[in-house]
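Here is a short briefing to read with the model open beside you.

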Amino acid sequence: NASPDAISIAAAKLTVDDLNAMQTRHDVKLQELEAAVEEAKESAGDMEVLEARIAVARFAAKSLSCDQALSSYEAVISWSKISSGKKMDALMECARLASFHGKATTADEYIQKAEKVAESSGGGDWDRRNRLKVYRALSRLLQHRDTVSAGPLLLDCIATFSCTEMCSYKDFCVYAILTNILHLPRPLL
């Protein structure tokens, strides 16, 4: 865990040549991943194409701008042969990405889209439903200070928490306690 001062010092040491070299590496990697998508389209099945497209989106999320990453995920989401489960996963990844970049409204939109997919597909499997509850509580309700609505969602997921991409289980328990401490009756708490 570097301090903000150490991060700014490290960032200050990057030269224009360093940034250009980094951009070149990103471009080369993106071309390789796009080539893998095209190769999968020509010589593999639908699952391989989907996995290659997801690899492009995840690389974009790690290395490119938020808008580029979201457009890469949109290519995954709009693919005609994607299952509802994979579509929910991609939508939740978009929500997490938008939330990371401080785009709360965009994150809300992706969570709402994931909820619609879950409703239309019969709710999805229990793991995705629980993860969606955590996303809804942490990314949507708590950011809007709606602890009354977030509390029950967090309590529902304590026993089966698997959303470690959002926070650790320890942090999740803290969020569940803090959101419910003001609203639950004492015996229930």
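A residue counts as buried under 20% relative accessible area, as exposed over 50%, and as partly exposed in between. Tyrosine 169 has a relative accessible area of 39%, so this residue is partly exposed. Please keep in mind that this is a predicted model.

**Aromatic rings**

- How many aromatic pairs does a search of the whole structure find? The search finds 2.
- One of them joins phenylalanine 161 and tyrosine 169, with 5.6 Å from centre to centre and 45° between the planes, and this pair is tilted.
- Phenylalanine 161 has a relative accessible area of 15%, which means that this residue is buried.
- Phenylalanine 161 also pairs with phenylalanine 172: the ring centres are 4.4 Å apart and the planes stand at 25°, so this pair is stacked.
- Phenylalanine 161 and phenylalanine 172 are both buried.
- Taken together, the ring pairs link Phe161, Tyr169 and Phe172 into a cluster.

**The nonpolar core**

- In soluble globular proteins, nonpolar side chains tend to be buried together.
- The largest nonpolar core here has 44 residues, and the members that touch the most others are Val76, Tyr110, Leu132, Val134 and Phe172.
- Which helices each supply at least two residues of this core? They are helix H2 (16-43), helix H3 (46-63), helix H4 (66-77), helix H5 (84-100), helix H6 (104-120), helix H7 (126-141), H8 and H9.
- Leaving aside neighbours within four places in sequence, tyrosine 110 is in contact with Leu70, Glu74, Ile77, Leu91, Cys94 and Ala95.

- Serine 139 sits in helix H7 and is buried, with a relative accessible area of 1%.
- Aspartate 89 belongs to helix H5.
- Is aspartate 89 buried or exposed? Its relative accessibility is 15%, and the cut-off for buried is under 20%, so aspartate 89 counts as buried.
- Beyond residues up to four places away in sequence, aspartate 89 touches Arg128 and Arg131.
- From aspartate 89 to arginine 128 there are 39 residues in sequence, and the C-alpha atoms are 7.7 Å apart in space.

**The whole chain**

- The protein chain has 9 helices and 0 strands.
- Its C-alpha atoms fill a box of roughly 60 × 45 × 25 Å along the principal axes.
- Of its 189 residues, 34% count as buried.
- Among contacts with a separation of 6 or more, 54% come from residues 24 or more positions apart.
- The chain exposes about 11,300 Å², and carbon and sulfur atoms supply 55% of that area.

Definitions and conventions
Residues numbered from 1 in each chain as written. Predicted model: local features only at pLDDT ≥ 70, side-chain atom pairs only at ≥ 80, totals over all residues. Heavy atoms only, no water. Phe/Tyr/Trp six-rings, centres within 6.5 Å; stacked < 30°, edge-to-face > 60°. Buried < 20%, exposed > 50% of the residue type's maximum accessible area, 1.4 Å probe, protein only. Core = buried A, V, L, I, M, F, W, Y, C linked by side-chain atoms within 4.5 Å. Helix = DSSP H or I, 4+ residues; strand = E, 2+ residues; numbered from the N terminus. Contact = heavy atoms within 4.5 Å. Areas by Shrake-Rupley, 256 points an atom, 1.4 Å probe, with all protein chains shown as cover.
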